[in-house]
Amino acid sequence: MTDIRVIMGSASDVEIAKKVTKILKQFEIDYEVSVISAHRALDVLEETMAKDDAKVYIGIAGMAAHLAGVMAGMTIKPVIGIPVGGSNTAGLDALLSMVQMPKGVPVATVAINGGDNAALLAIQILALSDENLAQKLKNHKKEMLDKVIEDDQNLEEI
């Protein structure tokens with residue numbers, strides 16, 4: 001079973017996917033990445049989701065951004081949506097299509113282009129049943145705190 005399956009709506013979403021996979025690699029998470037359009041390859045998406053072999057899904061899409069919602073409609077597993085900026089509305093259309101899901105079909109949605117937070121949220125979900133992973137997250141939070149303290153101490157007069 002794959003821990004996390006990342007599905008992009010198109011290859012143009014690869015830079016956001018790289019943000020996700022960079023974090024997943026740091027935490028040594030098993031993942032798979034695919035390009036499957038909910039609009040242009042629905043049958044492929046249905047076949048992929050029918051396997052339901054991941055613990056958490058991440059859908060990355062811009063513009064109409066129905067990918068994560070369609071995925072959520074096909075599984076009982078957690079789905080995290082990453083709206084992609086770049087259209088005429090700078091990603092607001094993608095964000096709204098993900099957060100305005102109908103009752104009963106939730107998609108946890110992060111910020112526009114928020115691949116880092118999507119990865120961390122997926123890891124937090126996995127850490128609910130994995131104490132080793134929970135400890136890695138605690139260490140990560142401590143590293144962030146240490147960096148802020150270091151930045152403060154190195155701050156020059158402005």
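Start with helices α1 and α5, which are oblique to each other. This is a predicted model.

**Stop 1: α1 against α5**

Select residues 14–26 for α1 and residues 115–127 for α5. The two helices pack at an angle of about 40°. Their axes lie 7 Å apart. The crossing of α1 over α5 is right-handed.

Now show the side chains in the contact. On α1, pick Ile16, Lys19, Val20, Ile23 and Leu24. On α5, pick Gly115, Asp116, Ala119, Leu120 and Ile123. Colour them by class: 7 are nonpolar, 1 is polar and 2 are charged.

**Stop 2: Ile123**

Stay on α5 and select Ile123. Is Ile123 buried or exposed? Its relative accessibility is 0%, so Ile123 counts as buried. Leave out residues up to four places away in sequence, and Ile123 touches Ile23, Leu24, Phe27, Ile29, Leu133 and Leu137. Next, draw a distance from Ile123 to Lys18. These two are 105 residues apart along the chain, and their C-alpha atoms are separated by 16 Å.

**Stop 3: α5 against α6**

How do the axes of α5 and α6 cross? They cross at roughly 140° and come within 8 Å. That angle makes α5 oblique to α6. Here α5 passes α6 in a left-handed crossing.

The α5 side of the contact is Leu120, Ile123, Gln124, Leu126 and Ala127. The α6 side is Leu133, Ala134, Leu137 and His140. By class, the contact of α5 with α6 has 7 nonpolar residues, 2 polar and no charged.

**Stop 4: the cores**

Nonpolar side chains tend to be buried together in soluble globular proteins. Look for that here. The largest nonpolar core has 27 residues. Select Ile4, Ile58 and Ile60, the residues with the most contacts inside this core. The largest share, 7 residues, comes from α5.

Centre the view on Ile4. Neighbours within four places in sequence aside, Ile4 is in contact with Leu24, Ile29, Asp30, Tyr31, Glu32, Ala54, Val56, Ile58, Ala122 and Leu126. Another core lies apart from the largest one. This other core has 18 residues, among them Ala38, Ala54, Tyr57 and Met71.

**Stop 5**

Select Asp3 in strand β1, residues 2–8. Asp3 counts as buried, because its relative accessibility is 15% and buried means under 20%. With residues up to four places away in sequence not counted, Asp3 touches Ile29, Asp30, Ala54, Lys55, Val56 and Leu126.

Move to Thr48 in helix α2. Thr48 is also buried, at 10% relative accessibility. Its contacts are Arg5, Ile7 and Ile36, leaving aside neighbours within four places in sequence.

**Stop 6: Arg40**

Go to the loop between β2 (31–35) and α2 (42–51) and pick Arg40. Is Arg40 buried or exposed? With a relative accessible area of 66%, Arg40 is exposed. Beyond its neighbours within four places in sequence, Arg40 is in contact with Gly9 and Ser10. Draw one more distance, from Arg40 to His66. They are 26 residues apart along the chain, with C-alpha atoms separated by 12 Å.

**Stop 7: two positive phi angles**

Most residues other than glycine have a negative phi. Two stops here go the other way. Select Glu28 in the loop between α1 and β2. Glu28 has a positive phi of about 55°, although it is not a glycine. Glu28 counts as exposed, at 63% relative accessibility.

Finish with Ala90, in the loop between β4 and α4 (92–99). What is the phi of Ala90? It is near 60°, a positive value in a residue other than glycine. Ala90 counts as exposed too, because its relative accessibility is 51% and exposed means over 50%.

Note on methods. Residues are numbered from 1 along each chain as its sequence is written. This is a predicted model: local features need pLDDT of at least 70, side-chain atom pairs count only at pLDDT 80 or more; totals for chains, interfaces and linings use all residues. Side-chain values use heavy atoms; hydrogens and water are left out. Axes are lines fitted to C-alpha atoms, for helices over the stretch in contact, and angles run from 0 to 180 degrees between N-to-C directions. Helices (H or I, at least four residues) and strands (E, at least two) are DSSP runs, numbered from the N terminus. Angles under 35 degrees count as roughly parallel, over 145 as roughly antiparallel, 65 to 115 as roughly perpendicular and the rest as oblique. A crossing is left-handed if the near helix is turned anticlockwise from the far one by less than a right angle, and right-handed if clockwise. Contact means heavy atoms within 4.5 Å. Ala, Val, Leu, Ile, Met, Phe, Trp, Tyr, Cys and Pro count as nonpolar, Asp, Glu, Lys and Arg as charged, and the others, Gly among them, as polar. Buried means under 20% relative accessible area, exposed over 50%, partly exposed in between (1.4 Å probe, protein chains only). A nonpolar core is a set of buried Ala, Val, Leu, Ile, Met, Phe, Trp, Tyr and Cys residues joined through side-chain atoms within 4.5 Å.
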